[in-house]
Amino acid sequence: MKREELMVAAIQNGTVIDHIPSSRLFEVVRLLHLEDIRQSSIMVGYNLKSRKMGHKSIIKISDKFFTDAELNLLSVVAPNVTLCIIKDFEVVEKKRVTLPQTIAGIVKCANPKCITNNEPMPTRFVVSQEDPIMLRCEYCEKEQSLEKVKLV
Ligand SMILES: [Zn+2]
């Protein structure tokens, strides 16, 4: 195991989300609703030194396994995270996140006049362009780059 990973204690079973840009850590917490978790312990390493990224953050959640759909939401704010599924202290699976083609309920529309910013309703975006990735609002057609999205 790499030294920087040892800065946060190992977990026996659960999910490790690594290579989170530190500026996005709290958005990752929100997207996975970690603040509502009562049964698991969660360890957070914030702004650890990383050879690849300069600084990164890491979250380890004990006894918790997420669905791919839940994890793929992270691609909106942290497309390059790496996920490790841990069982009995061993990494049994490594995964990356992929951006869903439709993103519902988590991204704010950049158009202040959009109905989603003026009525209590969930937003809905489709990926309208790859590289750089653009999201298009299904209600007002406004496009915004993935890099600049804000969460609702
Ligand atoms: Zn809109």
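Colleague: Which residues does Arg-124 touch, not counting residues up to four places away in sequence?

Modeller: Let's begin with the ground rules: this is a predicted model, where local features need pLDDT of at least 70, side-chain atom pairs count only at pLDDT 80 or more, and totals for chains, interfaces and linings use all residues. Residues are numbered from 1 along each chain as its sequence is written, and side-chain values use heavy atoms, with hydrogens and water left out. A contact means heavy atoms within 4.5 Å. With sequence neighbours up to four places away set aside, Arg-124 touches Thr-102, Ile-103, Ala-104, Arg-136, Cys-137, Glu-138 and Tyr-139.

Colleague: Which residue's side chain is joined to that of Arg-124 by a polar contact?

Modeller: A polar contact is a pair of N or O atoms within 3.5 Å; within protein, one must be able to donate a hydrogen and the other to accept it, and residues adjacent in sequence count only if both atoms are side-chain atoms. For the side chain of Arg-124, a contact of this kind spans 2.9 Å, and the partner is Glu-138.

Colleague: Is Arg-124 buried, partly exposed or exposed?

Modeller: Buried means under 20% relative accessible area, exposed means over 50%, and partly exposed lies in between (1.4 Å probe, protein chains only). The relative accessibility of Arg-124 is 35%, so Arg-124 counts as partly exposed.

Colleague: In which strand is the place of Arg-124?

Modeller: Strands (E, at least two residues) and helices (H or I, at least four) are DSSP runs, numbered from the N terminus. The run of residues 124–129 holds Arg-124, and that strand is β7.

Colleague: How many bridges join β7 and β8?

Modeller: Two strands pair if DSSP finds at least two bridges between them. One example here is Gln-129, whose bridge partner in β8 is Met-134. β7 and β8 (residues 134–137) run in the antiparallel sense, and their number of bridges is 4.

Colleague: And which strand is joined to β7 by 3 bridges?

Modeller: Look at Thr-102, which stands opposite Val-126 in β7. The strand in question covers residues 102–104 and runs antiparallel to β7; this is β6.

Colleague: Which residue is joined to Asp-131 by a cis peptide bond?

Modeller: Most residues other than glycine have a negative phi, and most peptide bonds are trans. In the hairpin of β7 and β8, with 4 residues between the strands, Asp-131 has a positive phi near 55 degrees. The loop between β7 and β8 also holds Pro-132. With omega at about 0 degrees, the cis bond runs from Asp-131 to Pro-132.

Colleague: What is the order of the 5 strands in the open sheet?

Modeller: Strands of a sheet pair through backbone hydrogen bonds, either parallel or antiparallel. In this open sheet the pairing is antiparallel, and the order is β2-β3-β1-β4-β5.

Colleague: Which strands stand at the edges?

Modeller: Each edge strand has a single partner strand, so one side of each is left without a neighbour in the sheet. For one of them, β2, 7 bridges make the antiparallel join to β3 (residues 54–62), and Lys-49 stands opposite His-55 in β3. The edge strands are β2 (42–50) and β5 (90–96).

Colleague: With which residue's side chain does Thr-82 make a polar contact?

Modeller: Thr-82 is found in strand β4 (residues 82–87) and is buried, because its relative accessible area is 17%. Beyond neighbours within four places in sequence, its contacts include Val-16, Ile-17 and Lys-95. The side-chain polar contact of Thr-82 is 2.8 Å, and the partner is His-19.

Colleague: What is the phi of His-19?

Modeller: His-19 is found in strand β1 and counts as buried, because its relative accessibility is 9%. Its phi is positive, though the residue is not a glycine, with a value near 60 degrees.

Colleague: Lastly, how many disulfides does a search of the whole structure find?

Modeller: A disulfide is a pair of cysteine sulfur atoms within 2.5 Å. Cys-84 counts as buried at 11% relative accessibility, while Cys-140 is partly exposed at 25%. Over the whole structure, the number of disulfides found is 0.
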